[in-house]
Amino acid sequence: MSKETKISSSSHQVMAARPGILTDWPWKPLGSFKHVILVPWVVQNIYSFMVKDEKDLSSFLIFPILLWRALHNQLWISLSRYRTAKGNNRIIDRGIEFDQVDRESSWDDQILFNGILWYVASQTIPGASHLPMWRLDGVILTALIHMGPVEFLYYWLHRLLHHHYLYSRYHSHHHSSIVTEPITSVIHPFAEHISYFALFAIPMITTITTGTASATCIAGYLTYIDLMNNMGHCNFELIPKWLFTISPPLKYLMYTPSFHSLHHTQFRTNYSLFMPIYDYIYGTMDTSSDTLYENSLRRPEEAPDVVHLTHLTTPDSIYHLRLGLAHMASTPQKSKWYLWLMWPVTMWTMMLTWIYGRTFVVERNRFHKLRLQTRTIPKYNIQYNLQWQKGSINALIEEAILEAEKKGVKVLSLGLLNQGEDLNRYGELYVQKYPRLKTKVVDGSSLAVAAVLNSIPKAATQVLHRGNISKVASAVVLNLCQRGIQVAVPSEDDYKKLKKSFGIRSDRNNLILSKSYSIKTWLVGDGLKEEDQKKAAEGTLFIPFSQFPPKKLRRDCFYHSIPAMAAPASLENVDSCENWLPRRVMSAWRVAGIVHSLEGWDEHECGYTMSDIDKVWQASIQHGFKPLAVATHSKF
């Protein structure tokens with residue numbers, strides 16, 4: 001076990017055992033409604049500015065500044081997750097997990113806290129309101145005070161927080177994150193934030209009392225603090241070496257992500273806030289700081305072994321991406337009412353994806369020695385249903401396959417609608433166009449079929465099929481009939497299509513045309529109608545065979561997952577959910593690509609051909625993937 005892992009484990013246990021007073025935020029009981037505490041202040045401030053004669057622009061700008069701080073932090077989160085997924089300039093070759101995401105989900109608490117204090121200050125401290133927009137002397141004074149007293153006092157406060165008594169009760173919460181993300185910078189107990197606010201308020205209070213404060217100076221100082229905090233907690237190096245070459249003294253005045261990363265791994269070094277000069281003065285500079293910095297800068301982008309190619313689904317699915325809102329991405333995708341309030345941002349992201357127009361990396365995982373990567377095509381479900389969009393979508397998929405081939409990727413799996421029959425004949429289009437393709441294209445249909453078959457209750461003798469006919473649907477029905485299970489099909493058109501796909505097989509006798517909806521096990525796919533669900537008997541089990549789950553209309557019925565498997569514990573860096581699936585559950589189409597590479601199979605699985613279903617299923621089980629339990633004991 002590595003040194004930093006030992007420190008992380010022990011400190012986390014101590015933190016949980018002896019939390020100090022004022023550890024939790026006062027509004028913790030409010031949960032997701034905590035933001036209402038700002039409403040009275042914001043409303044009163046807007047009312048005073050708009051209705052009364054008190055045109056205090058500086059106080060009016062407090063709320064926009066808070067919004068800017070939230071946006072600024074989110075931009076760093078998205079940038080950091082994108083860069084660490086690519087792998088270039090990465091500092092620590094480890095990932096984060098769901099426990100860290102949960103622990104850091106309340107990163108906006110410090111913005112709320114700061115906002116309340118500034119509203120109070122603007123109304124109680126003489127000279128804190130009606131500030132001018134700009135004063136140069138205030139900016140110079142703020143810079144000098146920060147470089148001197150603030151940095152000096154923070155250094156010794158930080159060292160004090162590493163004393164066993166305070167560390168075990170407070171600061172260990174922050175150090176629970178060995179691999180840091182930008183927002184790790186503000187994950188501290190409430191008591192620590194009180195001390196930090198008092199520290200950072202020194203320059204601002206000083207300029208207010210001396211009459212040199214300005215709205216721009218205060219907003220700029222807060223932005224500087226957020227910028228340096230977020231930058232320093234990135235797990236990739238981004239400060240270019242030429243900056244220190246042309247100005248050598250700068251290394252004492254500005255830290256780097258790799259500099260602060262050593263503080264989280266080595267624990268007793270690199271205590272400085274933003275300026276390493278105090279570590280040099282007091283002998284706490286880590287001797288490996290320069291080496292780690294240079295090694296991180298030289299680190300190339302990581303070439304994956306397996307790429308899973310997915311796409312955006314709904315307009316608000318951008319928030320559920322790993323690059324979007326981290327806490328939202330760590331839970332299964334669901335429609336949330338408050339996302340409608342963010343429609344201007346949603347429209348802006350749609351425009352941005354349209355302008356960018358290329359696939360982008362969203363996730364990086366490691367499974368034993370296998371390097372996994374997920375890439376997203378900037379297209380939405382609705383675009384896959386438009387005939388005039390299919391050419392551009394196919395071009396993006398083809399470009400992703402050729403890029404994978406160039407990088408030496410072993411397997412590329414097609415997720416969601418990227419393998420549509422009407423779009424590219426389940427991926428066969430690309431294999432025919434490039435017959436010498438070394439990267440194996442996998443549609444994952446065999447494992448999807450196996451997952452569905454293993455979800456059928458053992459006692460079932462009849463199932464009902466409802467939904468669009470697809471490659472997976474046809475294979476599932478055929479296998480069930482071969483096993484002696486009767487498959488009822490209410491639609492005559494679907495019945496004829498399935499019967500035709502059977503050819504001259506005798507097993508088609510188990511395929512029957514029936515209008516009865518009394519069967520308790522349903523196989524459902526895209527095209528399942530609401531009226532069909534309403535006809536189902538109480539206690540019916542719906543088992544999807546498509547990539548998209550059916551809408552859950554019946555509270556007296558049971559809904560199984562789409563074809564998927566639980567990931568083994570050895571799969572690393574899993575901190576987001578795959579669309580609507582639970583944590584650490586992967587779609588069968590995605591798992592199929594991983595298994596294909598692990599087994600070293602040297603053929604494509606696309607088009608109308610399918611790998612051996614039992615062989616693929618057994619290989620998945622042997623590699624630690626587990627089938628999902630059939631949900632027949634609890635209702636949604």
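This is a predicted model: local features need pLDDT of at least 70, side-chain atom pairs count only at pLDDT 80 or more; totals for chains, interfaces and linings use all residues.
Before you start clicking: residues are numbered from 1 along each chain as its sequence is written. Local features here need pLDDT of at least 70 and side-chain atom pairs pLDDT 80 or more, while totals for chains, interfaces and linings use all residues, and side-chain values rest on heavy atoms, with hydrogens and water left out.

A salt bridge here is a side-chain nitrogen of Lys or Arg within 4 Å of a carboxyl oxygen of Asp or Glu. By that rule there are 31 salt bridges.

**Stop one.** Select Arg 69 and Asp 226: their closest N and O atoms sit 2.7 Å apart in a salt bridge. Arg 69 belongs to helix H4 (residues 62-86) and Asp 226 to helix H10 (residues 215-232), 157 residues apart. Helices are DSSP runs of H or I, at least four residues, and strands are runs of E, at least two, numbered from the N terminus. Both side chains' residues, Arg 69 and Asp 226, are buried (under 20% relative accessible area; exposed is over 50%, partly exposed in between, with a 1.4 Å probe and protein chains only).

**Stop two.** Now pick Arg 375 and Glu 403, a salt bridge at 3.9 Å, N to O. This one links strand S3 (residues 370-377) to helix H18 (residues 390-407). Arg 375 is buried at 10% relative accessible area, whereas Glu 403 is partly exposed at 26%.

**Stop three.** Go to Arg 466 and Asp 494, whose closest N and O atoms are 4.0 Å apart. Arg 466 and Asp 494 are both buried.

**Last stop.** Select Lys 86, Glu 301, Arg 375, Glu 403 and Lys 407 together: salt bridges with shared partners join them into one network.
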